[in-house]
Amino acid sequence: LLDQQFGDRSHTAQTFSMSSAERGERRTAETRMSHFLQSWGVSGSAGTGLLNQNLASVSKQGTIRLFGQDDAEGALEFTETKAGTWTARKVGRPRQPLYKSSPHNGAVHIYADPQDFLSQHGQEVFGWGQKKSGLLVLLAADPEPVDAYLNEHPDAKRLHFVAPKRGLAQ
């Protein structure tokens, strides 16, 4: 089922980490995150939470990377074009979800795209705990984090896949 939902799982590894020299100043990073999230229709204030929880970083050039929880193996990187749109690409292989919470009454919503999750939950982004179902927010369409989640939470009986509204980063 997971292979049908997510397709081919072959990946190549890349280096993705940003050194402290590459990261921008905190205030500039918050401003850039706010601009980025607002382009998705998300409150810019959510950017501070992503930065505080080490789920995002911003380079001096304005490139934004979203990371999985405690994941050092990959990221989803966004670069703004001259036209003001954002292009996404996977860097490395994200192995951890951006966010996960325990199932509620056996139900879990699985987001294959963080933009869809952030767009739907807006300012509630960091009030995720009290939802009608568990959440699993992936950085890439990869069944491995889903398998790990299901092994960790055998009470997850009803999986609701939220189909991405845009093309995923390759």
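## Ground rules

Since this is a predicted model, local features need pLDDT of at least 70 and side-chain atom pairs count only at pLDDT 80 or more, while totals for chains, interfaces and linings use all residues. Residues are numbered from 1 along each chain as its sequence is written, and side-chain values use heavy atoms, with hydrogens and water left out.

## The chain as a whole

The protein chain has five helices and eight strands; these are DSSP runs numbered from the N terminus, with helices being H or I of at least four residues and strands E of at least two. Reading from the N terminus, the order is α-α-α-β-β-β-β-β-β-α-β-α-β.

Of the 170 residues, 48% count as buried, where buried means under 20% relative accessible area, exposed over 50% and partly exposed in between (1.4 Å probe, protein chains only). The accessible surface comes to about 9000 Å², and carbon and sulfur atoms own 45% of that; the areas come from the Shrake-Rupley method with a 1.4 Å probe. Take the contacts (heavy atoms within 4.5 Å) between residues at least 6 apart in sequence: 67% of them join residues at least 24 apart.

## Helix α4

Helix α4, residues 114–121, is mostly covered, with six of its eight residues buried. Those are Pro114, Gln115, Asp116, Phe117, Leu118 and His121. Their packing partners are α2 (26–39) plus the strands β2 (64–67), β3 (74–80), β6 (107–111) and β7 (134–137).

Rings of Phe, Tyr and Trp (its six-membered ring) pair if their centres lie within 6.5 Å; planes under 30 degrees apart are stacked, over 60 edge-to-face and the rest tilted. By that rule there are six aromatic pairs. One of them is Phe36 with Trp40, a tilted pair at 4.6 Å centre to centre and 55 degrees between the planes. Phe36 counts as buried because its relative accessibility is 0%, and Trp40 is buried too, at 9%.

Trp40 also pairs with Phe78: the ring centres are 5.3 Å apart and the planes sit at 80 degrees, so this pair is edge-to-face. It links distant parts of the chain, with Trp40 in the loop between α2 and α3 (46–52) and Phe78 in strand β3, 38 residues apart. Both Trp40 and Phe78 are buried.
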